[in-house]
Amino acid sequence: MEIRGHHFLCMLGFRGLGYDEEFVKNMNEIIERLNNEQDMLIKVVDNVDNICALCPNNIDGECKIESYPGSVREKDRAVLKILGIKVGEVVRYRDIVNKIKENMTEEKMMNICKDCEWFGLGYCLEGFKKLKGG
Ligand code: SF4
């Protein structure tokens, strides 16, 4: 499984909204699988991943909204820098979640995600707060 940096935060607050039905189904399945198999090894990337695989914005392996609103890849890199994970590293999902708990803060998340079209819904931040609290 390959997951890009910023998607680790998206997954925390996912509530079935997305670009289309196929995308939502795929993302739901990935989240469910990771929650059930927390020892799964994840290759951490800063390009299209298993979630992007069924996204209508994925055109020939490139995110067509990469530069709007704000670079998607830069969001990946910013998240991974805070987590202390290098692009290309293979890490157990459980350890990634623990690193989010330990190193991510609401303020840092807001800085990275503020211009994302989904962030305004508030679900992502709620998911993060729940992780921190639980
Ligand atoms: S919008 Fe871009 S980064 Fe987001 S899931 Fe689709 S292809 Fe991936």
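The questions and answers below concern a predicted model.

Student: In which sense, parallel or antiparallel, do E1 and strand E2 pair?

Tutor: Strand E2 covers residues 41-45. Glu-2 has Lys-43 in E2 as its bridge partner, and Arg-4 stands opposite Val-45 in E2. Over 3 bridges, E1 and E2 pair in the sense called parallel.

Student: Which residue in E5 is the bridge partner of Leu-41?

Tutor: E2 is joined to E5 by 3 bridges, and these two strands run antiparallel. Within E5, the bridge partner of Leu-41 is Arg-92.

Student: Within what arc do the buried residues of H4 fall?

Tutor: The residues in question are Tyr-93, Ile-96, Val-97 and Ile-100, which are buried in H4. They line one face of the helix, because, seen down the axis of H4, they fall within an arc of 100 degrees. An α-helix has 3.6 residues a turn, so residues three or four places apart point the same way. For the buried residues of H4, the arc is 100 degrees.

Student: Which elements are included in what covers the buried residues of H4?

Tutor: Both helices and strands contribute to this cover. It includes H1, H2, E2, H3, E5 and H6.

Student: Which helices do the buried residues of H5 pack against?

Tutor: Helix H5 spans residues 106-113, and its buried residues are Met-109, Ile-112 and Cys-113. They lie on the same side of H5 because they cover an arc of only 85 degrees around the axis. The buried residues of H5 pack against H1, H3 and H6.

Student: Which residues are exposed on the other side of H6?

Tutor: In helix H6 (residues 123-133), the buried residues are Cys-124, Leu-125, Gly-127, Phe-128 and Leu-131. Their arc around the axis is only 160 degrees, which puts them on the same side of H6. These buried residues pack against helices H1, H4 and H5. On the other side of H6, the exposed residues are Lys-130 and Gly-133.

Student: Which element gives the most to the largest nonpolar core?

Tutor: The largest nonpolar core has 34 residues, and Phe-8, Met-11, Ile-42, Ile-96, Ile-100, Met-104 and Met-109 have the most contacts inside it. At least two residues of this core come from each of H1, helix H2 (21-36), E2, helix H3 (72-83), H4, H5 and H6. With 6 residues, the element that gives the most is H2.

Student: Which residues does Phe-8 touch, not counting residues up to four places away in sequence?

Tutor: Phe-8 is among the residues with the most contacts inside the largest nonpolar core. With residues up to four places away in sequence not counted, Phe-8 touches Ile-3, Ile-42, Val-44, Tyr-93, Ile-96 and Ile-100.

Student: Is Met-11 buried or exposed, and what is its relative accessible area?

Tutor: Met-11 is found in helix H1. Not counting residues up to four places away in sequence, Met-11 touches Ile-3, Met-27, Ile-30, Ile-31, Leu-34, Ile-51 and Tyr-93. The cut-off for a buried residue is under 20% relative accessible area. Met-11 is therefore buried, its relative accessible area being 6%.

Student: How many Å apart in space are Met-11 and Ile-59, C-alpha to C-alpha?

Tutor: In sequence, Met-11 and Ile-59 are 48 residues apart. In space, C-alpha to C-alpha, Met-11 and Ile-59 are apart by 22 Å.

Student: With which side chain does the side chain of Lys-75 make a polar contact?

Tutor: Lys-75 has its place in helix H3 and is buried, with a relative accessible area of 12%. Leaving aside neighbours within four places in sequence, Lys-75 is in contact with His-6, Pro-69, Gly-70, Ile-112, Asp-115 and Cys-116. At 3.0 Å, the polar contact of the Lys-75 side chain is with the side chain of Asp-115.

Key: Residues are numbered from 1 along each chain as its sequence is written. This is a predicted model: local features need pLDDT of at least 70, side-chain atom pairs count only at pLDDT 80 or more; totals for chains, interfaces and linings use all residues. Side-chain values use heavy atoms; hydrogens and water are left out. Buried means under 20% relative accessible area, exposed over 50%, partly exposed in between (1.4 Å probe, protein chains only). Helices (H or I, at least four residues) and strands (E, at least two) are DSSP runs, numbered from the N terminus. The arc is that of the directions from the helix axis to the C-beta atoms. Contact means heavy atoms within 4.5 Å. Two strands pair if DSSP finds at least two bridges between them. A nonpolar core is a set of buried Ala, Val, Leu, Ile, Met, Phe, Trp, Tyr and Cys residues joined through side-chain atoms within 4.5 Å. A polar contact is a pair of N or O atoms within 3.5 Å; within protein, one must be able to donate a hydrogen and the other to accept it, and residues adjacent in sequence count only if both atoms are side-chain atoms.
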